[in-house]
Amino acid sequence: MHAFLEILFMTVVGAVIGGFTNYLAIKMLFRPYEAIYIKNWRLPFTPGLIPKRREEIAKQLGEMVVRHLVTPESIEKKLLSPGFRKETARWMTDTFLKWLEMSWTAPQMARFFKVDLSAERVQTGIKAFIRTRYGQAKQHIAPQTLEALLPEAVIKKAEEKIPVLADLIIARISEYISSPAGRTKIEGMISHFLDDRGMIGAMVKRFIGNTSIADKIQPEIIRALQEPGMKATMAEMLEREWNGLKAKQAGELLPDLPDEEISGWLEKNVLSLLPVERFLDTPVQAFVARYRNKIEEEWIPVLAEKALHLISENVHLIIRKLQVADLVRQEVESFPIERLESLILGITAREFSMITYLGALLGGLIGIVQGVIVLLV
């Protein structure tokens, strides 16, 4: 009986010592949080292992996360997985539908981004744009010839119309000459011509008279205009003038343009075609709603696909720019030791308890062996 009690006592002592030493070793991973000094002498094993090497642990943890956990390949694989692409498209669709339910005008959306988009400012911007573009266009076309500015089809069409224009001019001249106004004009011209000839002119007027001369000249002028050669001559003159016009620079053709009046006219007409105030007062959703089905069924899936591919192609750059390893290191270093301890123990509490129990078991077995050896000796 005495031997049994002795072995039991040594077993209990061994188990207590084994369990306590393991429990103490686990606690010494974190405790004490700070170094303990006796005067200038630092007590050994203070602070605990993890507080003492927190910076090194944080660095290693950051590198482990980047190299083995949050790797570019794993992120890219996740981004391009069918399930994630489907979820992204669904999220974008839901966001778009929620946005459609709102009634935001363009000025309200602009104020969200701290931008002033009043009607007066928009109109001022349009006017400034018109003035700038007008000045640039004028400087651009001034050194160019009319032939260079006009499309080839327009030039060809104009040249084809020269004979038609010649016929039209001759017809209008003949019509005028045949009219009473034309006859009166001829009489006036004859009278003026004879008056400039002095006595001879006066004698001719007295014997023949302006009217009879006009009656004789008027049909001759009309007959001359109707001759085939007149049309060819007129067409040749028009073609010569047209060729000279094509070779001139635009700046020569329009040397004294009233720029202020022209730009003002452009501003007035453009603003009349653009009811700025009505556009700004209309919710943006009203313009977008008509394309709702197309946006949901076509645009959003394509946009989601392209966005995910773009992100996946630049994952390495994103991770490098975010400096994930340094971010993890900084976060771990900033953790209070108490929080870090509770975090680790919350994950490994069961394993640490098993280590404590294993120490007690080994200590008890060692106590039994020691008791048996003592009895045998």
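**Close-up views of a predicted model**

**View 1. Overall surface and fold of the protein chain.** The protein chain exposes about 27100 Å², of which carbon and sulfur atoms supply 64%; accessible areas come from the Shrake-Rupley method with a 1.4 Å probe, and for residues only the protein chains shown count as cover. This is a predicted model, in which local features need pLDDT of at least 70 and side-chain atom pairs count only at pLDDT 80 or more, whereas totals for chains, interfaces and linings use all residues. Residues are numbered from 1 along each chain as its sequence is written, and side-chain values use heavy atoms, with hydrogens and water left out. The secondary structure comes to 22 helices and two strands, taken as DSSP runs numbered from the N terminus (helices, H or I, at least four residues; strands, E, at least two). Of the 377 residues, 23% count as buried, meaning under 20% relative accessible area.

**View 2. The largest nonpolar core.** This core has twelve residues, among them Leu-146, Ile-170, Met-234 and Trp-242; a nonpolar core is a set of buried Ala, Val, Leu, Ile, Met, Phe, Trp, Tyr and Cys residues joined through side-chain atoms within 4.5 Å. Helix 10 (162–178) and helix 14 (228–247) each supply at least two residues of this core.

**View 3. The surroundings of Ser-263.** Ser-263 lies in helix 16 (residues 259–273) and is buried, with a relative accessible area of 3%. The side chain of Ser-263 reaches the backbone oxygen of Glu-260 at 3.0 Å. Leaving aside neighbours within four places in sequence, Ser-263 is in contact (heavy atoms within 4.5 Å) with Ile-130, Arg-131 and Tyr-134.

Conventions:
Buried < 20%, exposed > 50% of the residue type's maximum accessible area, 1.4 Å probe, protein only. Polar contact = N/O pair within 3.5 Å; in protein donor to acceptor, adjacent residues only side chain to side chain.
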